[in-house]
Amino acid sequence: MIQKAFKWLMQPLGLAAVLIVALAVFSLVVWGIAQTQKPPEQPVPQFPHQLHVSFGVQCLYCHPGAVRGPSPGLPTVSKCWGCHQQIAKTQTSVKLAPLKAAHDSGTPLQWVPVAQVPDFVQFNHRPHVAAGLNCENCHGDLSKVDIYENPQVMNMGWCLACHKEKSAGNPELYIKLTDCGTCHY
Amino acid sequence: MTTIDLNLVGAKGALVEEAEGKWGMVIDQDICTGCQACVVACAMENNIAFVGEEDSGYGRSMHWIRIERFWEGEYPEVKMTHYQPMLCQQCGKAPCEPVCPAFATVHSQAEKVNLQVYNRCVGTRYCANNCPYQVRSFNWRDYNDDRLDEAIASLKNHFNPDVTVRRRGIMEKCTFCIQRIHKAQDKAKSEGRAVADGEFTTACAQACPADAIVFGRVDDPESLVSQLARQSHGVHHLEELGTLPRVTYLVGGQ
């Protein structure tokens, strides 16, 4: 039975079938991996960070929590509307339709956070900003991208590389910045 | 007789380092009423799971602090001794630390407390078996997963965002509310000052209606906790094991 099937597969038609199945599996895997690498769908699908930056809007205007505490926050509809109500294009633009719809119906824009760390990591923006880091040091140059994507993998090696660099020559700070309990509790 | 110069072998330095603590606690057993407010406050502060009736029956209940009761004498002349709140003693020389094969329970060099690194823990439970105080608790199930228990979904909003929600198969224990330590230090640093004594405290100490629990810096001789710990009726539990506990119990004071 198995020998018979093997014989059939060795025919030109059988080989073609094997090739088709192999191609199908391969493309399914590629598609699957590509799915995991896609940035998540945002409520305003074509939100242009670079346009906002080019108008001179500071990062902290929309993400003010970064100087105060752990989370910088994502802008609410009323924050967006504060400026956009004075922009005539907001009423007509297709790109801005989700914002107008959200404002008119009173439903919040549910932004999907992209720069995230796992639950077991307790990250706080404030000390990083206070230490003189700028947003672009970790989040990349937002004047060049529309939808935000992490410019690098935000893993522990990346955190520690910077912590070690910043605390070089200061043993007390080195101990603090490389201590497990500084981020994991 | 030969003597070993401890300064040369580095052992003295290591011992001194172990002996000096940073954060410590004093629990006055004379005024503890056993009301369990600390137990509740700890569970709320640290996202401790409710294990339910069945698992509790198996002895899997999870508490980072518990009130121990002891009796003296033979029936019917039974007398109860003082209530004894028992929590992780944050030993300077912790028996749990060297037995962890994954280095998940390590001593913090910065805060001088005994850490449990949840993402490193693989759940061997060696640490709990080696803890003379029996204060470690193990997550036998995903107690906080609402896919397994729908009733949990309504409790999601009670979680403290500053503390990790633990998952199945890892060990956990009292952290001396390290999230509060970090928060106070962060606040003090942003205001350009040092953390003042009594500025913040742990959840159990905050909740204690009798003020039987005091938390603070033990390396500062002027702090309230240091002054209380210096009293003659202060004891360290299982001190003879050489664990160098950071929690001082006051029993039988005047």
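Student: Before we start, what are the ground rules for numbering and for a predicted model?

Tutor: Residues are numbered from 1 along each chain as its sequence is written, while chains are lettered from A and ligands numbered from 1 in the order in which they are written. Local features need pLDDT of at least 70, side-chain atom pairs count only at pLDDT 80 or more, totals for chains, interfaces and linings use all residues, and side-chain values use heavy atoms, with hydrogens and water left out.

Student: How many helices and strands are there in chain A?

Tutor: Helices here are DSSP runs (H or I) of at least four residues, strands are E runs of at least two, and both are numbered from the N terminus. Read along the sequence, chain A goes α-α-α-α-α-α-α-α-α-α-α-α. That gives 12 helices and 0 strands.

Student: What radius of gyration does chain A have, next to a compact globule of 185 residues?

Tutor: The radius is taken over C-alpha atoms, and the globule rule is 2.2 Å times the number of residues to the power 0.38. The C-alpha atoms of chain A fill a box of roughly 75 × 60 × 30 Å along the principal axes. A compact globule of 185 residues would come out near 16 Å, but chain A has 25 Å.

Student: What is the radius of gyration of chain B?

Tutor: Along the principal axes, the C-alpha trace of chain B spans about 65 × 50 × 45 Å. With 254 residues, a compact globule would be near 18 Å, and that agrees with the value for chain B, 19 Å.

Student: What share of each chain counts as buried?

Tutor: Buried means under 20% relative accessible area, exposed means over 50%, and partly exposed is in between (1.4 Å probe, protein chains only). Of the 185 residues of chain A, 21% are buried. Of the 254 residues of chain B, the share is 46%.

Student: In chain B, what percentage of contacts between residues at least 6 apart join residues at least 24 apart?

Tutor: A contact means heavy atoms within 4.5 Å. Take the contacts in chain B between residues at least 6 apart in sequence, and ask which join residues at least 24 apart: the share is 65%.

Student: Which elements do the buried residues of helix H3 of chain B pack against?

Tutor: H3(B) covers residues 37-45, and its buried residues include Cys38(B), Val39(B) and Ala41(B). They pack against strand S2 (65-68), H6, H7 and S8 of chain B.

Student: How are the rings of Phe138(B) and Trp140(B) arranged?

Tutor: Rings of Phe, Tyr and Trp (its six-membered ring) pair if their centres lie within 6.5 Å; planes under 30 degrees apart are stacked, over 60 edge-to-face and the rest tilted. The structure holds 6 aromatic pairs over all chains. Here the centres are 5.1 Å apart and the planes are at 80 degrees, so the pair is edge-to-face.

Student: Is Phe138(B) buried or exposed?

Tutor: Look at the relative accessibility of Phe138(B), which is 12%. That value makes Phe138(B) buried.

Student: Which residues form one aromatic cluster with Phe200(B) and Phe215(B)?

Tutor: The rings of Phe200(B) and Phe215(B) have centres 5.9 Å apart and planes at 75 degrees, so they are edge-to-face. The pair links distant parts of the chain, 15 residues apart, with Phe200(B) in the loop between helix H6 (178-190) and helix H7 (203-207) and Phe215(B) in strand S8 (residues 213-217). Phe200(B) and Phe215(B) are both buried. The cluster also holds Trp23(B) and Phe176(B).

Student: Which peptide bond is cis?

Tutor: Most peptide bonds are trans. Pro76(B) sits in the loop between S3 and strand S4 (79-80) of chain B. With omega near 5 degrees, the cis bond runs from Tyr75(B) to Pro76(B).

Student: What is the phi of Arg125(B)?

Tutor: Most residues other than glycine have a negative phi. Arg125(B) lies in the loop between strand S5 (84-87) and helix H5 (126-130) of chain B, and at 33% relative accessibility Arg125(B) is partly exposed. Its phi is positive, near 65 degrees.
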